[in-house]
Amino acid sequence: MLQTLYDYFWWERLWLPVNLTWADLEDRDGRVYAKASDLYITLPLALLFLIVRYFFELYVATPLAALLNIKEKTRLRAPPNATLEHFYLTSGKQPKQVEVELLSRQSGLSGRQVERWFRRRRNQDRPSLLKKFREASWRFTFYLIAFIAGMAVIVDKPWFYDMKKVWEGYPIQSTIPSQYWYYMIELSFYWSLLFSIASDVKRKDFKEQIIHHVATIILISFSWFANYIRAGTLIMALHDSSDYLLESGAHDDGWGLSMQSAKMFNYAGWKNTCNNIFIVFAIVFIITRLVILPFWILHCTLVYPLELYPAFFGYYFFNSMMGVLQLLHIFWAYLILRMAHKFITGKLVEDERSDREETESSEGEEAAAGGGAKSRPLANGHPILNNNHRKND
């Protein structure tokens, strides 16, 4: 049974053009071709990436955060309460008013105390400033190095300048070591992102992130064993060209791809630098993802192959995965443009997907702030003095 499924999966008519077989892609005469078995190395490499990331965040990102004076905000913790904790874990993090009243009776707390407990409990689960900075630093470093490496791999190739050459001789196109390592490292990195997504900073587009990682892994894997390598290197370099800007300059209560909400310069308080990089990123993202990718790359993968051979399953599969990525790019471009509009109109630029930390209400903090602050509004837990005095004319 398993052998039958295996044979059907690797049937040449699925993955290769008509009249070609896997035997045509066997190494010979000193020419090396991509093989599916090459991809096995990406799983241990993904684990290695996780180890490297751990030490990078510990010995590079953390000292860098201290150097940039990035400090943790002291959070008020929710006091232990079995009734409220059980509801929080099983029923929801934001109880409705009717539920608040019920929980108030069950716990012996007032309604405001219950609401305050849930605010503090939600804040406890939100990732810390340092965690966000570490994650952004790691991704920034990888994407920058990957972009430079990717350009080194493709900039001297003829198909970088003439995309019709992407399919010249396809699929009998041998690979070179630089292409091999570029592919293995990129694929390993995306495996590591998928492995760590449960512990990474979560966004409101969590499902879109998973779809993106899975689609990327499938696309890279397929393009390798079906020998779409020339097109694949162009696509990976194109994506890396804006991703490192994403990690370096977006706002907290800002941007990120997987869209990280806390970005390096923003956390360091370099608001002008952050704003300028956001503008550059938005321009690069729109040009690469909504112009170059659909009108050059997708045109290359949809139109040019049909000039050489009839469409087959692999052709449709590859371009379907590209379509999924393109839809995700449109979704994220929409969020970017919404933020850009707020930025241009002078409104606070916030990540449309971010989960902002909640502040304590003035009424909720009366007991903690003391009697002298009861009638005053609070900002970050401190009473605001009213210095607005009317002048006598």
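Predicted model: local features only at pLDDT ≥ 70, side-chain atom pairs only at ≥ 80, totals over all residues.
Glu 85, at 24%, counts as partly exposed.

## Helix α4 against helix α5

Helix α4 (residues 82-90) also packs with helix α5 (residues 97-107). The angle between the two is about 145 degrees, and their axes are 9 Å apart. On the α4 side the contact involves Thr 83, Leu 84 and Phe 87; on the α5 side it involves Glu 99, Leu 103, Gln 106 and Ser 107. Of these residues, three are nonpolar, three are polar and one is charged.

## Salt bridges around Asp 200

The structure has ten salt bridges. One of them pairs Asp 200 with Arg 53, at 2.8 Å from N to O. Asp 200 sits in the loop between α8 (177-196) and α9 (206-225), while Arg 53 is in helix α3 (residues 42-67), so this pair ties together parts 147 residues apart in sequence. Both Asp 200 and Arg 53 are buried.

Asp 200 forms a salt bridge with Arg 139 as well, the closest N and O atoms being 3.2 Å apart. Arg 139 lies in helix α7 (residues 129-154) and Asp 200 in the loop between α8 and α9, so the parts tied together here are 61 residues apart in sequence. The relative accessibility of Arg 139 is 2%, which counts as buried, and that of Asp 200 is 6%, also buried. A network of salt bridges links Arg 53, Glu 57, Glu 135, Arg 139 and Asp 200.

## A buried arginine without a salt bridge

Arg 230 is in helix α10 (residues 229-249). Arg 230 is buried but has no salt bridge. Its nearest side chain of opposite charge is Glu 168, 5.0 Å away, whereas a salt bridge requires the atoms to be within 4 Å. Leaving out residues up to four places away in sequence, Arg 230 touches Trp 159, Lys 165, Val 166, Glu 168 and Gln 173.

## The chain as a whole

The chain contains 14 helices and two strands. Of its 393 residues, 46% are buried. Trp 332, in helix α13 (residues 313-344), is buried with a relative accessible area of 0%.

Note on methods. Residues numbered from 1 in each chain as written. Heavy atoms only, no water. Helix = DSSP H or I, 4+ residues; strand = E, 2+ residues; numbered from the N terminus. Buried < 20%, exposed > 50% of the residue type's maximum accessible area, 1.4 Å probe, protein only. Lys, Arg positive; Asp, Glu negative; His and termini not counted. Contact = heavy atoms within 4.5 Å. Axes fitted to C-alpha atoms, helices over the stretch in contact; angles between N-to-C directions. Nonpolar A, V, L, I, M, F, W, Y, C, P; charged D, E, K, R; others polar.
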